[in-house]
Amino acid sequence: MQQPPSAPHLGTPLGSEETQASRTLARRFPLLNSSHSYSPTFVLLGVPGLQSLHAWLSIPFCTGYLIALLGNSAILLVVKTEASLHQPMFYFLSVLSAIDLGLSTSTLPQMLAVFWFGPGEISFGGCLTQMFFIHTFTGMESVVLTCMAFDRYVAICHPLRYATILTKSRVAWLCSVVVLRTFILVFPIAMLTQRLPFCSPRISVAHTYCEHMGIAKLACADIRVNMIYGLFTISFLMGDVVLILLSYVQILRAVFRLPSKEARLKSLGTCGSHVAVIFVFYTPAFFSFLTHRFGRNIPHYAHILIANLYVILPPVLNPLIYGVRTREIRRRVAQALRHKGHRFS
């Protein structure tokens with residue numbers, strides 16, 4: 001049977017009427033297209049409409065990637081070597097730093113390659129792999145932030161029982177929940193995307209990396225199952241937010257019962273870093289989700305830039321926030337810098 005032409009089509013809302021009509025027909029009657037489906041190669045185009053600015057866009061993202069690598073590696077090293085930081089909160093912080101290293105490394109090199117060298121090809125398998133790791137790391141970060149909220153709740157509301165509630169074995173169990181829950185939720189996303197048929201062997205994607213709905217929308221088949229499952233996974237993210245809010249409601253109730261202003265400020269100060277990290281993660285995440293679902297009048301390049309900030313802001317800002325606000329981390333980093341200075345002087 002003669003194969004259809006292999007001309008690429010763009011992964012943007014704009015396209016020829018013929019291409020749109022054929023994709024609509026294929027979605028309504030998927031069996032008619034089953035013999036012409038491909039395992040495609042995707043071409044990542046970068047930020048649509050801003051290709052002339054790719055070189056300039058690469059500067060903040062490259063700088064951010066270097067900060068993320070150095071900052072999160074420094075936190076892992078300091079927590080490992082500083083005995084006073086061998087506490088549940090800093091164990092969770094170490095997991096968060098490892099996740100941020102994974103999230104930035106699974107997206108930023110590909111993004112920078114597109115900015116520097118132009119549109120880049122990625123195989124269907126490579127795209128699925130990148131998609132799996134991006135959604136896995138973002139899901140894990142949400143669970144870790146929930147565990148850190150629980151840690152602050154126990155530390156402030158039940159300080160005398162802190163050591164007996166958050167034992168090393170319980171912290172290890174919570175860390176295993178971080179991995180297992182996310183894997184169970186994200187693995188079906190890769191499977192649902194893998195089963196989708198595509199009508200061209202080479203498909204252009206107006207993005208800097210592969211993400212679930214952006215790729216699913218390019219398939220010539222009904223993607224309602226993918227959309228429903230995507231909303232199902234988002235509900236778990238919302239559940240994490242609810243648990244964090246409930247934790248902080250209890251924390252605030254306990255704090256305002258304290259007799260002195262100094263005690264109240266000290267208790268709230270121990271939560272400051274965590275609250276800042278929560279805003280850094282969830283603000284771009286939900287803004288990206290809302291613009292993707294409801295922002296029909298927002299330019300497409302704005303969607304892509306928000307999605308890019310979503311994967312770079314937490315890895316960059318998390319180590320800076322904890323580095324600035326945690327005395328032990330500041331002291332050890334300063335000692336390391338002084339030691340380096342003495343070696344080169």
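The discussion below treats a helix pair and then the cysteines of this predicted model.

Colleague: How are α3 and α10 oriented to each other?

Modeller: Angles of 65 to 115 degrees count as roughly perpendicular and those over 145 as roughly antiparallel. Here α3 (residues 88–117) and α10 (residues 300–325) pack at about 140°, with their axes 8 Å apart; the two helices are therefore oblique to each other. Their crossing is left-handed.

Colleague: Which residues in α3 and α10 meet?

Modeller: Among them are L93, L96 and F115 in α3, and V311, I312 and Y322 in α10. The residues of this contact divide into 12 nonpolar, 4 polar and 1 charged.

Colleague: How many disulfides are there?

Modeller: A disulfide is a pair of cysteine sulfur atoms within 2.5 Å. By that rule there are 2 disulfides. One joins C127 to C210, with S to S 2.1 Å; C127 lies in helix α4 and C210 in the loop between β4 and α7, 83 residues apart. The other joins C199 to C220, with S to S 1.9 Å.

Colleague: What is the handedness of each link?

Modeller: The link of C127 and C210 is left-handed, with -120° about the S-S bond. For C199 and C220 the torsion is about 125°, so that disulfide is right-handed.

Colleague: Is C199 buried or partly exposed?

Modeller: Buried means under 20% relative accessible area. C199, at 23%, therefore counts as partly exposed, whereas C220, at 1%, is buried. Both C127 and C210 are buried.

Note on methods: Residues numbered from 1 in each chain as written. Predicted model: local features only at pLDDT ≥ 70, side-chain atom pairs only at ≥ 80, totals over all residues. Heavy atoms only, no water. Axes fitted to C-alpha atoms, helices over the stretch in contact; angles between N-to-C directions. Helix = DSSP H or I, 4+ residues; strand = E, 2+ residues; numbered from the N terminus. Parallel < 35°, antiparallel > 145°, perpendicular 65-115°, else oblique. Left-handed = near helix turned anticlockwise from the far one by under 90°. Contact = heavy atoms within 4.5 Å. Nonpolar A, V, L, I, M, F, W, Y, C, P; charged D, E, K, R; others polar. Buried < 20%, exposed > 50% of the residue type's maximum accessible area, 1.4 Å probe, protein only.
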